[in-house]
Amino acid sequence: MAQRQAKNLAGVVHGVEDFRVEEIPIPRPRDHEVLIAMDCVGICGSDVHYISHGGFGDYKLKDRLVLGHESSGVVMEIGAQVTNLLAGDRVAIEPAIGCRTCRHCKAGRYNLCPDGIYCATTGHGNLCNFYTHAADCCFKLPPNVTMEEGALLEPLAVGVHCCRRAGVGIGSTVLVLGAGPIGLVTLLVAKAMGAAKVCVIDLIDRKLELAKALGADATLAVGGHDSQKEIVKRIHDLLGTAPDISIECTGAEACVALGIEATIPGGVVTLVGIGAIQQRIPITMALVREIDIRTAFRYANCYPAALAMVANGTIDARKLITHHYDLKESQQAFKTARYGLDGAIKQQLYLDKKMASTKQNMAAVCYGRDDLRLVSIPTTEPVFNEVLLEVDTCGICGTDVHFLKEGGFGDQKLIRPLVLGHESAGIVRKVGTGVTHLKVGDRVAIEPAAGCRTCDLCKVGKYNICLTGKHCPTKNHDGNCSNYFTHYADCCFKLPDHVSMEEGALLEPLAVGVYAGRRADIRLGSRVIIFGAGPIGLISLIVAKAMGATRTVVLDLARAGDRLAVARKLGATAVIPIGEKDTEDVLVKRIHEVLGGPADRVLECSGSQSGMRTAIKATRNAGIVCLVGLGKEEVQLPMVDAISREIQIITVMRYNHDYPAALEIVASGYVDVKPLVSHHFGLKDVNEAFRVAASGEGLKCSAMAPNKNLAATVYGPNDLRLDERPVPEPAFNEVVVEVDTCGICGTDIHFLKDGGFGAQRLIKPIVLGHESAGVVRKVGSDVTHLKVGDRVAIEPAAGCRTCDLCKVGKYNICLDGKHCTTQKHDGNCSNYYAQYADCCFKLPDHVSMEEGALLEPLAVAVYAGRRAQIGLGQKVVIFGAGPIGLVCLIAAKAMGATRTVILDLEHAKHRLEVAKKLGVTGVIGIRKEDSEDELVKRIHEILGGPADRVLECSGSQSGMRVAIKATRNAGRICLVGLGNKDVQLPMVDAISREIEITTAMRYNHDYPAALEIVASGYVDVKPLVSHHFDLQDVHEAFRVASQGEGIKIMIHLVPRDTNNHVKFTN
């Protein structure tokens, strides 16, 4: 290869004050290693100590040593057993490699391994052109992470580890002693982990200035003459209290003592900096105040978190880099670092500039009880009858929680780190040989259970209880809560376009419910009891009703009131909260009262002994009790009662050929499982997801991979594509919004079907969409009224702010403004969109994202109503029962119109029916044979005379003509709909009766009013939404919209209700 002819220059220390740049051999990677062309290497204090003192602490220079351990580079070759990296991958290098076999390594604390290898300490470093390293200690860099940031992951990982050791969390008050590189990364991480206040102290003002710029809430410059008590008082004054946590990053004896004295009683002092081997510290003071003194050495399993925080923008560590040098300038680089020249903080040496990127396979891995980590795992290539899947959505099941909280369930015990998750759906990315029914790009639900196919159980179709099959996750098989998962192709079921990924993931628990219902032989007219209102219990309720159960009762503990409330919404005949004092006989009596007698069938989904006992007692003679839930290994049951009444007790384990049936009843609309999803999390938030699931705060939690910035882009008539766009950065007065929901408007359809409307013609590929709401993800430098995390409605129209029209407040007709989905400006049917902050309106918690998106058409209606001067007691006609016509009806009634009539073509009956539900006085379906005069007559009959005001929303010539004729003398007509450029109107009639014809283009300062009437409950726009689609189903969404099959079509760019505090009920 080319690098074999290249030189491998390295920065080598030979002894005290003896540092040289010299050539060393190019190494070859062993089976588990990769050869890396080094790009960027940072200088650490330990490197400097080797040159100045021949080592540090217990680590002394014994032979010449290549320095450097804060590094990144490009993979050039891979060893024979490396599967997680490819040549060309850009990687950050974790310099610590444990022996992998000692007790520390097995416990995940490889940083304490006595036999491990650490770059530039117990082994050579990587300040060289070419370097080999263990592949699993190399972390792929996303495209948005630079090589410099990759090298900075090393000190950042130190910050992650020490903050974890210190217990930094939301609301913590933290003191950081020392504003060197480690102190500053500790500041960054502490703020990222939720610290409410962080104070940084140091001797040097310029370092503290940088700390302030990085987000320190307070800084304190201390001098040699300051007494410790004075310094402690100033720290407390700056923080407003004593710190909960002090993190000592200097290694100085005085700072250790200061940290102990400054910390609140019962607090934590964490020692990170390495100083003198022997130190005097006020241990009695720590003892009597119960201050925990902890230490943090390097890091363990912190690179993934450090990389994630950099990649998602939570932390920007680039400000730490003050100096850049080439390898040939190493002497000067080390001199700068050693003496702190020119305000030095972090110096980086550059060796190579090649770059590449590949997405990592991140997975939620359980290492032990309450030890869940998001780590990178290898991606397995598919073999015969397998497919490689990019997992989109994964639900959390009770078995996942049992592994995490208890180390397993039943005989399934955690014997190794295990990837969790099995309720999942994803997209086929690669297919193995022999696979014919699936292709790359197919959306599939993943059945996680597969038998060995050869044992006696499998041969009779009972693969669900095969002893050697692949069931994920079990102790021998990883689950699929990961970016990529390889699975048998025949266990992957293609999803119809209208079935969402979340519904695909929910097929797993639904298949359990279907199998339980089949085993229990539930039939039409059965009376069914369900014990447990968790996800499986609620699924079983759905299935029981679908199978014909006419009376159902669900029982759960009284504290599970939220779950029982969901059972009611799902149609349970009754729910019974179980109190602590309720006896089995009391519960049986209440069940019989609700059902009108004993149950025919019982599905016991709680796994509790009391549930099983009550189930037997509450069941009729010859009834069936089906045990679904897993509980204690041994239970005491009233078997004499069961035997004497011939009650059949059967059990179910998972499912058995039930995925096709589960998919069919979802796809057909026969059952709706979406209400079961209560929480949504990104994969990076998997620990919080499991916390919520374990606490019982929700029903079904889903973890999803982060979105790209996909956009619905029209390239020409009937040429709509879902393509990827760059994620925008906000200007000083902008915010970047992660779009949650986007409605389809008639103008979007005109661009797609006709290449534009009016003067707006398609001159370049354009992103559609302008009726939207989302969550603020980034804010520009001058934005003060919005913050990251705010839920906002996006007004898509903004003027140039300088023209004469804008100066008089008519920005809606500014010729040079920014109006989404016009020939010059993209719309916002994309994952991310940058908009002026003053055009984003914060939504109250009780206003849903769908309502936020509907503010756009509602603002059109509010403006039209203002332009038409609709007032109390007026009679109003609305032409067109499309979305704009219907919101105009809502607005007209809200403005005081007492009689309203709406007209549309006769075949638009479904729209006219919605108008009736919205309270219109009368509707008129226009037939082909209806003359203008006949329509005027029918309007007058409904209104009791001519109209005071007309809102013409169809844009049709006939609508405008009838509007003029149907309006009273001196009445007012407002033209809202866009149609043909030229129309022929009865203007003599209009002039002779002084009918005023006004027009309305978009809206003008009407978003605040629209938001107010929605937030106050004065109007309800939710009935307008008829269809919901995921972004990936955008083609079907536009087909439905353009065919006029619905009213308002909503596209959800994140799973529905992800960002709603109150669930949208339509």
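Buried here denotes a residue with under 20% relative accessible area. By this criterion, Thr399, Asp400, Val401, Phe403 and Leu404 of helix α11 are buried. The model is a predicted one. The helix spans residues 398-406. Gly407 follows α11 and has a positive phi, near 80°.

Helix α11 is placed against a sheet. It lies across β21, β22 and β26. Relative to β21, the helix runs at about 50°. These strands form an open sheet of three, in the order β22-β21-β26, and the pairing is antiparallel. Strands β22 (371-376) and β26 (418-419) stand at the edges. Each has a single partner strand, so one side of each is left without a neighbour in the sheet. Strand β21 covers residues 362-368 and is joined to β26 by two bridges. Across this antiparallel pair, Val365 stands opposite Val419 of β26. Tyr367 carries a charge over its ring: the charged end of Arg373 sits 3.7 Å from the ring centre.

The domain assignment divides the chain into six entries. Domain 1 is given as 8-140 + 321-350, and domain 2 as 162-298. Domain 3 covers 361-494, and domain 4 covers 511-672. Domain 5 (709-842) and domain 6 (858-1020) complete the list. The centres of domain 1 and domain 5, taken over C-alpha atoms, are separated by 47 Å.

Strand β43 comprises residues 734-743 and is connected to β51 by five bridges. Glu734 stands opposite Tyr836 of β51. Strand β51 (residues 832-836) is mostly covered, with four of its five residues buried. Elsewhere, Arg721 lies over the face of Tyr715, at 3.8 Å from the ring centre.

Six strands form an open sheet in the order β55-β54-β53-β56-β57-β58, with parallel pairing. The edge strands are β55 (922-926) and β58 (996-999), and each pairs on one side only. From one strand to the next, the twist averages 20°. Within this sheet, β53 (residues 875-879) and β56 (residues 947-952) pair in the parallel sense over four bridges. Glu952 in β56 is the bridge partner of Phe879. Helix α23 (residues 849-868) lies across β56, β57 (967-975) and β58. Its direction is at about 150° to β57.

Aromatic contacts were also searched. The whole structure contains seven aromatic pairs. For Tyr1003 and Tyr1007, the ring centres are 5.7 Å apart and the planes meet at 75°, so the pair is edge-to-face. The angle qualifies because planes over 60 degrees apart count as edge-to-face. Both Tyr1003 and Tyr1007 are buried.

Terms used
Residues are numbered from 1 along each chain as its sequence is written. This is a predicted model: local features need pLDDT of at least 70, side-chain atom pairs count only at pLDDT 80 or more; totals for chains, interfaces and linings use all residues. Side-chain values use heavy atoms; hydrogens and water are left out. Buried means under 20% relative accessible area, exposed over 50%, partly exposed in between (1.4 Å probe, protein chains only). Two strands pair if DSSP finds at least two bridges between them. Domain bounds come from an automatic or database domain assignment. Rings of Phe, Tyr and Trp (its six-membered ring) pair if their centres lie within 6.5 Å; planes under 30 degrees apart count as stacked, over 60 as edge-to-face and the rest as tilted. A charge sits over a ring if NZ of Lys or CZ of Arg is within 6 Å of the ring centre and within 35 degrees of the ring normal. Axes are lines fitted to C-alpha atoms, for helices over the stretch in contact, and angles run from 0 to 180 degrees between N-to-C directions. Contact means heavy atoms within 4.5 Å.
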